[in-house]
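Trainee: Hey, could you walk me through this one? I'd like to go piece by piece.

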Amino acid sequence: MITLNNIDKVYRTEKIETLALKDINLEIPKGEFLSIMGPSGCGKSTLLNIMGLLDLPTKGAVEIEGQAIGHLSDKKLAHLRNQKIGFVFQSFHLIHDLSVVDNVEIPLLYRRLSGSQRRKRALAALERVGLSARTRHFPSQLSGGQRQRVAIARAIACSPEVILADEPTGNLDSNMGQEIIDILMQLNREGSTIVMVTHDERIARQTARIVRLFDGSQVY
Amino acid sequence: MIRNYFKIAIKVLLRHKLFTFISLFGISFTLLVLVVLSSFIDHAISPNPPEKKQRRILSTTYYKMRTKSGGTIAGPMVSYYFLDKYVRSMEIPEAISISSFHSNVIVYHQKQKFTFACKYCDGNFWDIMDFNFIEGKPFTQTDVANMRPVAIISRDTRNLYFQGRETVGESMDLNGKTFRIAGVVENVSLLRILPYADVWLPITQMKADLNKQSISNDTFPGFFALLLARQRSDFPQIKAEYRQHLGEVEFLDDRVVEIHGGVETYFETLSRLFVGGFEQSNRSGLVIAVFILMLLFMLLPAINLVNINISRIYERSAEIGIRKAFGASSATLINQFITENVIITAIGGFLSLILALIVLRILNQSDIIPHLQLRINWRIFAVSLFVTLVFGVFSGVIPAYRMARMQAAETLRGGEK
């Protein structure tokens with residue numbers, strides 16, 4: 001599903017160069033649930049952003065379903081993100097002055113769908129995360145766990161093949177965190193490929209495979 | 001998609017009420033000033049009655065003269081003698097008229113004091129100007145030559161002096177003399193400086209000595225000539241004929257030794273006053289100057305918008321990151337931002353139109369300028385609105401470009417926004 005070959009990522013400022021990722025090779029087959037672990041600043045999020053086409057590697061190649069993305073235009077990358085990938089972030093990143101259902105509709109806005117089709121799909125996604133009763137609420141009226149469920153609903157609204165979750169339980173207590181993991185597990189059982197960054201060993205152990213990073217390198 | 005842009009734009013505008021207010025205020029105030037100013041200009045110089053033939057009219061309203069002692073006399077300071085001898089004698093124009101500017105005359109009538117603007121003119125004046133007569137008819141060249149004590153008055157003068165009743169044939173006392181009313185015309189605005197007056201009298205009724213042989217005029221209120229061309233294309237020939245006459249001037253009073261200016265359109269006179277040099281008018285200069293001023297004026301809200309937009313973008317960076325992550329391309333986001341700007345500009349334009357209607361109504365009803373009849377110049381409004389819209393788009397492009405360069409990964413980093 002996602003292939004990373006010899007990925008390097010270097011951040012350059014005027015004075016210093018930081019090697020964030022070094023020679024990463026990773027093959028993520030369809031339907032896998034993979035955890036990426038490592039201490040803070042080891043490059044986990046950078047790796048996830050490269051997989052999610054939000055950032056480009058300095059060296060190396062990224063393939064999504066066998067398609068190399070190195071030369072794609074901004075428009076094509078955006079289209080690919082919309083079609084194939086759903087994101088879940090640690091700090092939820094919901095838009096505060098949009099209602100729950102409007103937030104979930106965001107990825108659907110960039111598809112050719114009628115208003116009623118969008119609404120229908122957004123409501124279906126909210127139902128899957130158990131938030132059908134809260135569609136008219138605003139993010140500020142929800143608990144952290146509920147907000148993350150809205151974020152998951154947003155990520156799955158377009159039925160992407162891959163869900164990239166960057167510390168989805170990082171801002172939640174362990175009960176709420178487990179609820180989120182359970183939802184992700186369920187989505188994985190239904191066929192989604194999931195890549196999750198975490199530094200919670202207990203959570204990582206529930207996934208099929210763990211990739212460990214240290215100082216930008218893969219350590220297994 | 002457009003509906004969605006619209007929805008987001010409205011939400012964004014409501015989210016930042018203060019910013020929205022500042023932007024809207026800037027846009028609508030600028031447009032308001034432009035519209036009101038242009039309706040003033042329109043009211044003053046466009047070919048409306050009584051200056052319906054304005055496109056064929058030349059006038060002599062502004063002169064500059066050098067005196068023997070090296071000084072300068074500037075303004076409508078030529079004598080009746082000069083105009084009569086060197087302008088009225090011209091052959092190419094269809095008609096020539098010499099009149100005075102208006103001066104105020106105080107009149108006591110039935111224990112009431114009135115101040116009327118009084119203008120002295122000849123018979124041709126009524127042919128060149130198209131006054132709207134509501135009663136009677138103009139006095140003729142024969143009336144003027146025979147020094148008949150006749151007067152034309154405005155509707156307001158009739159209302160004040162005669163309580164609005166039909167007045168042709170009645171008499172009116174002015175400057176210790178009794179005049180018979182020959183006609184009543186619609187009010188003329190003060191901004192129409194050439195035809196403006198409340199009472200028009202034959203120029204031969206003037207107390208000043210019209211035959212005094214001198215070039216400059218030292219009596220108030222001064223004179224001007226109106227020249228009606230058969231067609232506008234005659235202007236160069238008329239001006240050439242005038243220059244020829246000007247070359248033949250005999251400087252008799254040994255005060256004035258050099259004279260410039262004279263026969264030109266109203267707009268040329270304005271350009272001479274505002275941007276012209278001493279010797280000639282500068283029409284394109286005035287147009288450019290006005291255009292630059294208007295542009296600068298409109299630049300202010302545009303810069304303000306750019307500024308507000310840039311600060312707003314940083315505030316919305318997380319939202320931009322989210323939208324990018326979920327499939328918005330940079331182009332889509334740029335479109336959204338520009339749509340927001342166009343909407344706010346359009347709302348500003350609409351507000352300015354309502355404000356302009358109110359302001360013009362107040363100005364028309366107040367007595368600051370007599371007989372003001374300002375109307376919205378739709379052409380100017382459309383042009384200003386268009387330019388502001390262009391600025392709206394333009395002011396959206398710079399921030400939108402910056403936004404497009406933002407890395408989604410960068411904006412999504414960090415805590416809860």
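Trainee: What percentage of the residues in chain B is buried?

Mentor: Buried residues make up 37% of the 417 residues in chain B. A residue is buried if 20 or more other C-beta atoms, placed from the backbone, lie within 10 Å of its own. Before we go on, this is a predicted model: local features need pLDDT of at least 70, side-chain atom pairs count only at pLDDT 80 or more, and totals for chains, interfaces and linings use all residues. Residues are numbered from 1 along each chain as its sequence is written, while chains are lettered from A and ligands numbered from 1 in the order in which they are written.

Trainee: Got it. How many helices and strands does chain B have?

Mentor: Chain B has 13 helices and 13 strands. Those are DSSP runs numbered from the N terminus: helices are H or I with at least four residues, strands are E with at least two.

Trainee: Which helix does H1(B) cross, and at what angle?

Mentor: H1(B), residues 2-15, crosses H11(B), residues 330-365, at roughly 65°, and their axes come within 9 Å. The axes are lines fitted to C-alpha atoms over the stretch in contact, with angles from 0 to 180 degrees between N-to-C directions. The crossing is right-handed, meaning the near helix is turned clockwise from the far one by less than a right angle.

Trainee: Which residues meet there?

Mentor: On the H1(B) side they include B:Tyr5, B:Phe6 and B:Ile8, and on the H11(B) side B:Asn335, B:Ile343 and B:Ile344 are among them. Contact needs C-beta atoms, placed from the backbone, within 7 Å. The residues of this contact divide into eight nonpolar, three polar and one charged. Here Ala, Val, Leu, Ile, Met, Phe, Trp, Tyr, Cys and Pro count as nonpolar, Asp, Glu, Lys and Arg as charged, and the others, Gly among them, as polar.

Trainee: New topic: how many residues does each chain put into the contact between chains?

Mentor: Chain B gives 22 residues and chain A gives 21 residues. On the chain B side, the largest share, six residues, comes from H10(B). That side divides into nine nonpolar, seven polar and six charged residues.

Trainee: And the hairpin in chain B, which residue takes a positive phi?

Mentor: B:Gln110 does, with phi near 45°, in the hairpin of S5(B) and S6(B), which has two residues between the strands. S5(B), residues 103-109, and S6(B), residues 112-121, pair in the antiparallel sense over seven bridges. To count as paired, two strands need at least two DSSP bridges between them. B:His109 has B:Gln112 in S6(B) as its bridge partner.

Trainee: Now chain A. What order do the strands of its open sheet take?

Mentor: The order is S6-S7-S8-S3-S9-S10, six strands with mixed pairing. S6(A) and S10(A) stand at the edges with a single partner strand each, so one side of each is left without a neighbour in the sheet. Further in, S3(A), residues 33-37, runs parallel to S9(A), residues 209-214, and four bridges join them. A:Ile36 stands opposite A:Val211 in S9(A).

Trainee: Last one: what pLDDT does chain A average?

Mentor: Chain A averages 91, and 100% of the residues score at least 70. pLDDT is the predictor's confidence in each residue, from 0 to 100.

Methods:
Contact = placed C-beta atoms within 7 Å. Buried ≥ 20, exposed ≤ 12 C-beta atoms within 10 Å, placed from the backbone.
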